[in-house]
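Please open the view below and follow along.

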Amino acid sequence: MNKPAKITDPNAILDPCRTVVIGVGGGGVNTLSNMLGEWSEGPDLVAVHTDGQKLKSCGVSRKIQLGAGITGGMGCGGDLVVGKRAAQADYPVIRDLFSGVDLAFIVTSLGGGTGTGAAPVIAQVAREEGVLSLCIASMPFNFEGDEKQLCAEKGLDSLMDCADAVVCMPNERLIERMGSWKGLAQALKEVDAELAAGVKTMWTLFRQTGIIHLDMSDLRKLTENAGHFCVLAMGHATGKDKAKTAVSSLLKHPSLDGGNVLGRTTGIIAGILGGIDLTLQDINSVMKEISESTSGNVRISVGAGIEKGRRDFVSLILLASDSLKEPELDKQEESGMAASSSDDSSGPKAPRQENLNLEPAGRGVFRGVEPTFHEGEDLDIPTFIRRGIRIER
Ligand SMILES: Nc1nc2c(ncn2[C@@H]2O[C@H](COP(=O)(O)OP(=O)(O)OP(=O)(O)O)[C@@H](O)[C@H]2O)c(=O)[nH]1
Ligand SMILES: [Mg+2]
């Protein structure tokens, strides 16, 4: 745990961004496990779950089992009310998590009981303790059905009430990026690895003094601006033209919705992490591409840093405030409203299937032509209807 520096010590150097990363529920704990490998110097990682078995198999050193008396250590069986009660039962343990902490990343997969029920309680406690919280939540796949989706949406709404910023990452979109279908376990592993890399890049840029420093106030301004909803995109490349390749991969990230998010955002944080060979031109070209993809009227904070001892890579993250949260966006897309919400922005737009405005041409074959009556019968009405003939199927 990053202990708070004692203010009474005149030589103490205050770490301005004491951070904890909390993985909540099955998916959240899996994401943490993915962070472990390369995270020897990272912030504290804490696995939080109701399921004792799952906690046992996670390699992080700090683990918290919630609501053992309620679930018997067996998980929540998809019931978010049980997850919420389990977290409330262990309120003091959760509060201790935030002692001496400034920033909390809360990582979870919504749709089950523990993550969906407990993550909002954890975010609420962070708020009470004065800790800035950024929650990264994945949403279930479409094939998991409406019940899970509905459960996840409830969790997302609660998170929006409690966390300072919520990043919603639908599994469906993330997996699009993985290319060919690889089998669910492998695909989830890659999704988790990408989320882990995004959190790591953000933490590195907030923590180190870097070439261009990002600080907590940048994040605070974005989250205040964001109406609590943000989008996170990542891009990574190595080799020749790595900056160009990384930014083009970032801008194609499914979270950015084909450019629509950048067209309507009002604030972004862009982070560039590279090896010792990262140049100012690299940073310039990345930022030029990103800012040209926005509508122009956007508050942009930039951070750039170098990872000592490494070379030949560029990792980018983009955190953008968004006025439309994902389920709303899906509903708008279904009803064909998405174009009108972004029509007034000059940012790039994804191609969209328009609805043809086919008005009924009026009664009869030719509009404006008088109906044809013969012996009191309207001949424009099909014969079988006029005669009341039943068509057998
Ligand atoms: N991104 C990602 N999503 C996952 C992973 N595992 C599960 N999910 C998703 O998360 C949703 C919730 O599942 P869990 O994380 O197991 O739920 P939980 O929070 O553990 O809740 P309970 O199992 O009811 O205690 C699932 O419907 C999946 O969509 C994972 O490793 N990564
Ligand atoms: Mg589970």
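Which residues in α1 meet α9, and which residues of α9 do they meet? This is a predicted model, and in it Asn-30, Thr-31, Asn-34 and Met-35 of α1 are in contact with Asp-192, Ala-193, Leu-195, Ala-196, Val-199 and Lys-200 of α9. By class, the residues of this contact are 5 nonpolar, 3 polar and 2 charged.

Helix α1 covers residues 25-36 and helix α9 residues 184-207; their axes come within 8 Å and cross at roughly 65°. The crossing is right-handed.

## Around the ligand

Now turn to ligand 1. It has 25 residues around it, of which Gly-25, Gly-26, Ser-109, Gly-112 and Gly-113 come nearest. At least two residues of this shell come from each of α1, α6 (114-128) and α9, and α1 gives the most, with 4 residues. The shell divides into 16 polar, 5 nonpolar and 4 charged residues.

## The sheet and its helices

An open sheet of 10 strands runs in the order β3-β2-β1-β4-β5-β6-β7-β10-β8-β9, with mixed pairing. β3 (62-65) and β9 (299-306) each have a single partner strand, so one side of each is left without a neighbour in the sheet. On average, neighbouring strands are turned by 20° against each other, direction ignored.

Strands β7 (residues 229-237) and β10 (residues 314-321) run antiparallel and are joined by 8 bridges; Ala-237 has Val-314 in β10 as its bridge partner. Helix α1 packs on the sheet, touching β1, β2, β4 and β5, and its direction makes about 120° with that of β4. Helix α6 lies across β1, β2, β4 and β5, running at about 170° to β4.

Note on methods:
Residues numbered from 1 in each chain as written. Chains lettered and ligands numbered in written order. Predicted model: local features only at pLDDT ≥ 70, side-chain atom pairs only at ≥ 80, totals over all residues. Axes fitted to C-alpha atoms, helices over the stretch in contact; angles between N-to-C directions. Left-handed = near helix turned anticlockwise from the far one by under 90°. Contact = placed C-beta atoms within 7 Å. Nonpolar A, V, L, I, M, F, W, Y, C, P; charged D, E, K, R; others polar. Near = placed C-beta within 6 Å. Pairing = 2+ DSSP bridges.
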